[in-house]
Amino acid sequence: MGYYLADGIYPKWSIIVQTIRDPHSQQKKYFAMKQESCRKDVERAFGVLQSRFAIIAGPSRFWRKEVLHDIMTTCIILHNMIIEDERDLNAPIQDAVEAPTPTIEMVIDENLRFEQFLARHKKIKDKNVHFELRNALIEHLWEQRNNFEN
C-alpha cells in the first residue's frame, strides 16, 4: 500500500504518515523536518491540480489503485501541457485527433468486490501498521542521511 503525508488532524491509519509533534531524538527531529517539507510541497502541487481538474477534487475511495494512478498521471501531463501551451501564445492551433474508445471492465461479482473493499478498509485503519511505517521511515531517512554525509 502507498501512504499519504499528513499533519496531525488525520487519524492514525496505516496509509497516513504524520509528523512528530515534539520530537526529542535527532532521528525524529530529522524525520519531522523532512516529512513537513515534503508534505507542504505535495499540498501545493495537489492544490494546483485540484483547482484545474474536478475529478481530483472528488472522492477516490472506490477507484482501483491502477485507475487512480492513471487519473493522476493524466492530470499531471495535462497540467504540464497547459503550462507549456500558455508559454507560447503565438503557437499554431492543431486539429484534434480522435482517440480510440476505451474499453470498460465490468465487475461481475459485486459481493466479492464489496468484501475486498471492507478488507482493505480494515487494513487501512490499523494503528499498529501506522506506527510501524512511521518508524521504518524514520530509520530509512536517518540511514540515508548518514550515507550521504559519509
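Predicted model: local features only at pLDDT ≥ 70, side-chain atom pairs only at ≥ 80, totals over all residues.
## Helix 1

Helix 1 has 27 residues, and at 1.5 Å a residue these should span 39 Å, a value with which the 40 Å between its end C-alpha atoms agrees. The buried residues of this helix are Tyr-30, Phe-31, Ala-32, Gln-35, Arg-39 and Leu-49, and they pack against strand 1 (4-6), strand 2, helix 2 (54-57), helix 3 (65-87) and helix 5.

Arg-39, which has its place in helix 1, counts as buried because its relative accessible area is 11%, whereas the cut-off for burial is under 20%. When residues up to four places away in sequence are not counted, Arg-39 touches Leu-5, Ala-6 and Asp-7.

In soluble globular proteins, nonpolar side chains tend to be buried together. In this model the largest nonpolar core has eight residues, namely Val-17, Ile-20, Tyr-30, Phe-31, Leu-137, Ile-138, Leu-141 and Trp-142. Two or more residues of this core come from each of helix 1 and helix 5 (127-149), and helix 5 gives the most, with four residues. Apart from this core lies another one, of five residues, among them Leu-49, Phe-53, Ile-56 and Ile-71.

Phe-31, a member of the largest core, touches Val-17, Gln-18, Thr-19, Ile-20, Arg-134, Leu-137, Ile-138 and Leu-141, if residues up to four places away in sequence are not counted.

## Val-17 in strand 2

Val-17, another member of the largest core, has its place in strand 2, which is made of residues 16-18. Val-17 counts as buried because its relative accessibility is 1%, and burial means a value under 20%.

Leaving aside neighbours within four places in sequence, Val-17 is in contact with Tyr-3, Tyr-4, Leu-5, Ala-6, Phe-31, Gln-35, Leu-133 and Leu-137. Val-17 and Lys-127 are 110 residues apart along the chain, while their C-alpha atoms are separated by 11 Å.

How values were computed:
Residues numbered from 1 in each chain as written. Heavy atoms only, no water. Core = buried A, V, L, I, M, F, W, Y, C linked by side-chain atoms within 4.5 Å. Buried < 20%, exposed > 50% of the residue type's maximum accessible area, 1.4 Å probe, protein only. Contact = heavy atoms within 4.5 Å. Expected span 1.5 Å × (residues − 1).
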